[in-house]
Amino acid sequence: MEDKYQNEFGGFAEKPKVPKKFYDLKYILLGLAIFFGLVISPILPNLGKIVAAPSPKLDTPAIQKLAEKERQCVMPTPYMRANHMQMLIDWREAVVRNGNREFINPEGKKFTVSLSNTCMECHSNKTQFCDQCHNFVAVTPNCWGCHLDKEQKVAQGGAK
Amino acid sequence: MLENAFTGTKRYYGLLAILAGLFALGFFFYLKQLTTGLGITGMGRDVSWGFYIAQFTYLVGVAASAVMVVLPYYLHNYKAFGRVTILGEFLAVSAVIMCVTFVMVDMGRPDRVLNVFKYPTPNSVMFWDIIVLNVYLLLNILIGWNVLECERHDVPPPGWVKFLIYVSIPWAISIHTVTAFLYAGLPGRGYWLTAIMAPRFLSSAFAAGPSLLVLLCLLVRKYTRFDPGRDQIQSLAKIVTYATLINVFFFFCEVFTVFYSQIPDHLMHFQYLFWGVDGFGRLVPFMWFSIIGMTIAALLLVNPKFRRDETTLAALCGMVIITTWIDKGLGLMTGGFVPNPLEKITEYWPTVPEALIALGVWALGFLILTILYKVAVSIKEEVRA
Amino acid sequence: MGIDRRDFIKLAGLSTLLGLGGNSALELLRPGQVAAALEAKPEALTAKRWAMVVDMRQLDEQTAQKCSAACHQVHNVPDFGNPIDPAMKISDAEKVRWEIKWIWTAPYDNAFPGDEQEYMDEKVKDLKFLLLCNHCDNPPCVRVCPTKATFRREDGIVMMDMHRCIGCRFCMAACPFSARSFNWKDPRPYIKKEFPDYPTREIGVVEKCTFCNERLAKGLMPACVVASQGALAFGDLSDPKSKVRELLGSTFTIRRKPFLGTNPQVYYIV
């Protein structure tokens, strides 16, 4: 292996002989330490704390009124848990862009396609239901900027 | 090559600091706009596009004007422009970045901007505008950077760069034509519904852009060791002269059609801008200053004596920049929206936060321009050394 | 490590493509695809071409205001002159700028600019015409929207998709009838009585009359039509027996700016 230093323009002078030395080691280590600190900074405040698992409450008046057997959402609970996000987006497309406002689930039950008027009619306790899981995983679905959740409305009515 | 941007005089760093400070100020107010809404500006239901879009329109013109130095050099072998093509291209890069930023700042929901690509709509001129602007930005970055790098290593630019250069010439014309088509196809806006909109845009672009380039060349000569060249500046001055003359002529063509046909739909916007209607006439002094100033500048520029003296040339170029800016940056928007389609008058004036956000975007553009010019000028100095 | 730059980039690119492709393959094969359906409600009102006839002979200013109020009420349209918290009061100039109106009144020379005559019937000159989005057949607003957030439905309604709107306001510039409003500020502090069955809007989107498509889907007539006590007729132009066809066939009607070719579908009987 020669000491000839080659690049794409052709041969250059011989590779310069530079002593191997780690320059500015103190500052490099300091910088790395600061960077590492920044990277783990979100975890530090929660170290050792136990955050309770989310417990969404289903004891709204509307749900209590239904018989035990009938207390099922538009789709089975496991499906809703995994897919309500995509389902709401599909519902949105159906209503706004296609004008279809009736949802027929695989069991043949019919529902009006509406977040505020169907979902929130039964689940009228947003802070105790929706927010439970959403806060736990730190997501902020932006539905509520426009869509009214019935819970807030009741609170506003009381305050006014 | 970018390493040249990190070494400079105190004056260079001072300039960068001032521009960065102005940008930070604008950014702070933009955050406020994001939370409280576009109501922070002076726009409203009747004048729904204002200062931001006006600046965007003006700067698209400046960006397109790079073609005025690229075309003579690459298509017609006008060797003298070899010194300034890079300055023109980098000015285009900076101007297009400002354009795109102004559009982003004007959006009601900037978080949803990618919907334009998610749901492409070829019948919308805005869809095409976004595409052509971004491609033009990419073209100029690629071309400018590669040609500069080749110049540094004293090799001819590769074939694919030449191809992109030839594409960029009609592309430059297209960006400003597409921007004009944003306005020229709207049935309800008599001030804008004219076939001459695109030609007017182009003529004022080729007046304003090269004027700015002349001023930048004079600054570069004064503050660096690179001289863009007296002949080059004189050629640019000739381009400014003819473009300004054509721009004034186009304006008088518009005035004739509108005032001779006496059709109220078109007439009332000119009446509002130049005489005021029902006591509303905020822009009257500005419009008269613009058109009279532009005409005088054009006529003076015809005389070679005023062009050869670089002080008067600089003054006249500055005049062209100011008057074309008033015409496009103030008059175009307001004239289109006032009176509104119901023939009611709601006047418009930018608010302080709006002006500061706009200033911040201009500062961003000039910050990028300073850095790019530093790189270009350093390479040129190095090559000529 | 004997790999050179070119081969590394090739390998990285290929891996990325496979990774992305692999993920979508997983999505397609994932269990949980259910057989559910989304359809129109059976009681929905349908038409081939919705249109409205405004009979100004029967519409006095008071009723017109009632129509406007009904529409704005059921659609949570804010009233910037009436904040919930009096501390949020705004100036008159700001009120004019930020105003949101889906349906409103204007005198003849604003409703039909350029049509007014000096010696016309005073009654007509002072008449407060009810103005709204015309749901044109050839809408310039739909032509210019870069995301199809505003689109023309098969039944003629020019719809607004508030979820997709990027707030560029190109449609506002394109509309020759000034029918569209933009949310310059958060509207919620200015909605005194929220209507719970319809959403509000957020800052940064455009809104306008949608011919009450949410009511039509439930089998109800638009709110303004109901409030107009018969002055507003709403129906299907393609049905020769509909009220609107009957009126159009028997009475002379005018439309706003027909010469622009947008083909507006709101007709006025003066």
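Okay, some housekeeping. Residues are numbered from 1 along each chain as its sequence is written, and chains are lettered from A, ligands numbered from 1, in the order in which they are written. Since the model is predicted, local features need pLDDT of at least 70 and side-chain atom pairs count only at pLDDT 80 or more, while totals for chains, interfaces and linings use all residues.

So, who touches whom? When I say contact, I mean two residues whose C-beta atoms, placed from the backbone, lie within 7 Å. Two pairs of chains touch, and B with C has the most contacts. Chains A and B share no contact, and their closest C-alpha atoms are 10 Å apart.

Let's look at B on its own. Chain B has 14 helices and zero strands; helices here are DSSP runs of H or I with at least four residues, strands are E runs with at least two, and both are numbered from the N terminus. Its radius of gyration, taken over C-alpha atoms, is 21 Å, close to the 21 Å from the globule rule (2.2 Å times the number of residues to the power 0.38) for 385 residues, so chain B is as compact as a globular protein of that length. The C-alpha trace of chain B spans about 65 × 50 × 40 Å along its principal axes. Of its 385 residues, 48% are buried, meaning that 20 or more other C-beta atoms lie within 10 Å of the residue's own, again placed from the backbone.

Now for B against C. Here 41 residues of chain C are in contact with 34 residues of chain B. On the chain C side, helix H7 (170-174) is one of the elements giving two or more residues, and H7(C) gives the most, with four. That side of chain C divides into 23 nonpolar, nine polar and nine charged residues. For the record, nonpolar is Ala, Val, Leu, Ile, Met, Phe, Trp, Tyr, Cys and Pro, charged is Asp, Glu, Lys and Arg, and polar is the others, Gly among them.

Over to A and C. There, 25 residues of chain A are in contact with 22 of chain C. The largest share of the chain A side, seven residues, comes from H3(A).

Technical notes
Buried ≥ 20, exposed ≤ 12 C-beta atoms within 10 Å, placed from the backbone.
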